[in-house]
Amino acid sequence: SFRSINTVGILDGTTHRFKWLSSGATLRQHSPRFYRQGVLVLDNLGGPRSTGGSRLVHIPFAGEQPSTVFPRADSLLPVPFETETAGHIDLHPDGRRALIAVTHQNSVWEVDLVTGSVLWEYRYVHPIYTAKYCRGGDFVDELKAERSSGI
């Protein structure tokens, strides 16, 4: 993700050339994730002001138009979805849900990407910059692996 030039791309690790590129579909996006034959990104400023200005947008590889996955017009949000300078997406392995760190609102939301609904919210007194699903069977082993990898 090239946030400052509103561009998302995939580079070939060997040739260092772009294999795919999308520019102008988002504003100051970040946190790209492979999702449904495309990329899901946290679009900081490309969403409607009525819901806070941010959105999750799916940009297909095949050239179809980008689409807003979250929030939808009928989504009920705990607070406005506003991530101007920070935030994070983690996709659940089932591909139907995602955790979103809504940093400056001190919240983490789990959202249903199919229905566009907020499943639950966690609020904290300090900004939350990231939230991740535990993918292993043992939380302690997962934590040790992250610490040893420098995450």
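**Close-up views of the strands**

**View 1. The four-stranded open sheet.** Four strands form an open sheet in the order β3-β4-β5-β6, paired antiparallel. β3 (30-34) and β6 (67-70) are the edge strands, each with a single partner, so one side of each has no neighbour in the sheet. On average, neighbouring strands here are turned by 30 degrees against each other, direction ignored. The angles (on a scale from 0 to 180 degrees) lie between N-to-C directions of axes, which are lines fitted to C-alpha atoms. Strands are DSSP runs of E with at least two residues, numbered from the N terminus. Two strands pair if DSSP finds at least two bridges between them.

This is a predicted model, in which local features need pLDDT of at least 70, side-chain atom pairs count only at pLDDT 80 or more, and totals for chains, interfaces and linings use all residues. Residues are numbered from 1 along each chain as its sequence is written, and side-chain values use heavy atoms, without hydrogens and water.

**View 2. The β5 and β6 pair.** Strand β5 (residues 55-60) runs antiparallel to β6, with three bridges. V57 has T68 of β6 as its bridge partner.

**View 3. The hairpin of β7 and β8.** Strand β7 (residues 88-91) is joined to β8 by four bridges, and the two run antiparallel. D90 is bridged to L99 in β8. Five residues lie between the strands, and G95 takes a positive phi near 75 degrees. Five of the six residues of β8 (residues 97-102) are buried, that is, under 20% relative accessible area with a 1.4 Å probe, protein chains only.

**View 4. The hairpin of β8 and β9.** Six bridges pair β8 with strand β9 (residues 107-112), again antiparallel. R97 stands opposite D112 of β9. Four residues lie between these strands, and N106 takes a positive phi near 55 degrees.

Definitions and conventions. Buried means under 20% relative accessible area, exposed over 50%, partly exposed in between (1.4 Å probe, protein chains only).
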